[in-house]
Amino acid sequence: MRRATRGCFLLFTFLAVLTVGLLAAYLLATDWQLWGAAQTAVLRIQLSNRTRELNAPFGSDRDPVRFEISAGTGAGAIAAALVEAGLLQDAELFIDYALLEGYDRRFEAGVYFLNQNLSIKQIAEILTDSSKSYIPFRTREGARIEELAELIDQNRLFGFSGADFLTHAKQGAVLPAEFAAWAGIPPGASLEGFMFPDTYQLPPDISANGLRDILLRAFRERVGDDLREAALAQGLTLHQAVTLASIIEREAVWRDEHAMIASVYRNRLAVNMKLEADPTVQYGIQGARGVWWPQITRADYRGVNSPYNTYLVAGPPPGPIASPGLSAIQAAVHPAESGFYYFRAACDNSHYHNFAVTFDEHLANGC
């Protein structure tokens, strides 16, 4: 009988403790909810008087600034970093707005591109989705790889420098073996000529060798195997065809002259005439005069001692001198049929050229 009484007592005690615990937990949760609701209400009242500040941009500079959020970074640290980057003035206001609207739980790690012309509301929304960020990058026809490196430095959105890019593309760099074999690039050569000129939207976390690989992939996709096979059928590696195309690209202003200029150079090569192309002399100077494509004189034809100077060296130069576009590459492989061996700029400032069969005709075309 005593055992039964004791058992009932213990059960009653357990149930009482459990009930008290559950009640305490309920009251505590209710208090926290009430406190959270009260805090939200206070924030909402406070921010209702600061609508103008929330919608106003910090400044007028629209130049993008690279801004990165690491995994686990809270609203306070993000606000402090925004102030340090010159994108925000009032960190507390940003934090309060993020807490009120729940952005503090939605901020996403990643790289973003912001500017001073964005408001607190806009920045908070942007920082929830890094997938919409990209780096715009435009490479132009006729640029050499050093000019691409300068574009990288001017862009300010990349997480690497132009010098970093050159270590993956210049002479002596370790090149992707499959691409080098496909393009016929000689051992030790640079990737000059194969950085395909186009407009790109690049991922914000792209690396220097990642950019190189994207440009090479674009080259292979746009040029394709058919054009490569056509060059090989003529006894040219793709590297040799691109070398000729790079000269055509630098000589021509208008694309509709590519095929005719190509015919002149192919005709010269066929009879062992020197190419005597001014852009190869400019390339041989290697920026020593402060610009990559300087004005040259007749004295430079013999005075620039470089294997790229086609006034001194017979045949094509050792490799491309710039990045040709698809039109110039097609022209190098499929030139126009002509009997021309000379061309020079027309005298009407149209940037077109006059073509000639003989040297005397060439002289007669002078201004």
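Residues are classed by relative accessible area: buried means under 20%, exposed over 50%, and partly exposed in between (1.4 Å probe, protein chains only). The structure is a predicted model, in which local features need pLDDT of at least 70, side-chain atom pairs count only at pLDDT 80 or more, and totals for chains, interfaces and linings use all residues. Residues are numbered from 1 along each chain as its sequence is written, and side-chain values use heavy atoms, with hydrogens and water left out.

Two residues other than glycine with positive phi were examined. Arg156 has a phi near 70 degrees. At 52% relative accessibility, Arg156 is exposed. Arg156 sits in the loop between helix H6 (145–155) and helix H7 (162–166). Helices (H or I, at least four residues) and strands (E, at least two) are DSSP runs, numbered from the N terminus. For Asn349, phi is near 60 degrees. Asn349 is also exposed, at 67%. Its loop runs between strand E5 (342–345) and strand E6 (353–356).

The loop between E5 and E6 also holds Tyr352. With a relative accessible area of 31%, Tyr352 is partly exposed. Together with Val253 and Trp254, Tyr352 makes a nonpolar surface patch of about 260 Å². Patches are made of residues with over 30% relative accessible area and no salt bridge; like charges are joined within 9 Å, and nonpolar side chains (Val, Leu, Ile, Met, Phe, Trp, Tyr) within 5 Å. Accessible areas come from the Shrake-Rupley method with a 1.4 Å probe, and for residues only the protein chains shown count as cover.

Pockets were searched for on a 1 Å grid over the protein atoms alone; a pocket is an open set of points with protein on both sides within 12 Å along at least five of seven lines, and lining residues have an atom within 4 Å of a point. Grid points are joined across faces, edges and corners, and a volume is the space filled by probe spheres set on the points. The largest pocket has a volume of about 1100 Å³. Its lining comprises 36 residues, and Asp278, Tyr301, Tyr311, Phe343 and Arg344 are the closest to its centre. Elements giving two or more residues to this lining include helix H10 (238–251), helix H12 (278–285) and E5. E5 supplies the largest share, four residues. By class, the lining has 20 nonpolar, nine polar and seven charged residues. Here Ala, Val, Leu, Ile, Met, Phe, Trp, Tyr, Cys and Pro count as nonpolar, Asp, Glu, Lys and Arg as charged, and the others, Gly among them, as polar.

The second largest pocket has a volume of about 360 Å³. It is lined by 18 residues, with Gln171, Ala189, Ser190, Tyr283 and Tyr308 nearest its centre. Eight of the lining residues are nonpolar, six polar and four charged.

Side chains of opposite charge can pair when their charged atoms come close. The whole structure contains 14 salt bridges, each a side-chain nitrogen of Lys or Arg within 4 Å of a carboxyl oxygen of Asp or Glu. Arg144 and Glu146 pair at 2.8 Å, N to O. Arg144 is buried at 0%, and Glu146 is buried at 18%. In the bridge between Arg138 and Glu141, the closest N and O atoms are 3.5 Å apart. Arg138 is partly exposed at 41%, as is Glu141 at 23%. Arg228 and Glu229 meet at 2.9 Å, N to O. Arg228 is buried at 17%, whereas Glu229 is partly exposed at 42%. Elsewhere, salt bridges with shared partners join Arg50, Glu53 and Asp90 into one network.

Conventions:
On a 1 Å grid over the protein atoms alone, a cavity is a set of points where a 1.4 Å probe fits but cannot get out, and a pocket is an open set with protein on both sides within 12 Å along at least five of seven lines; lining residues have an atom within 4 Å of a point.
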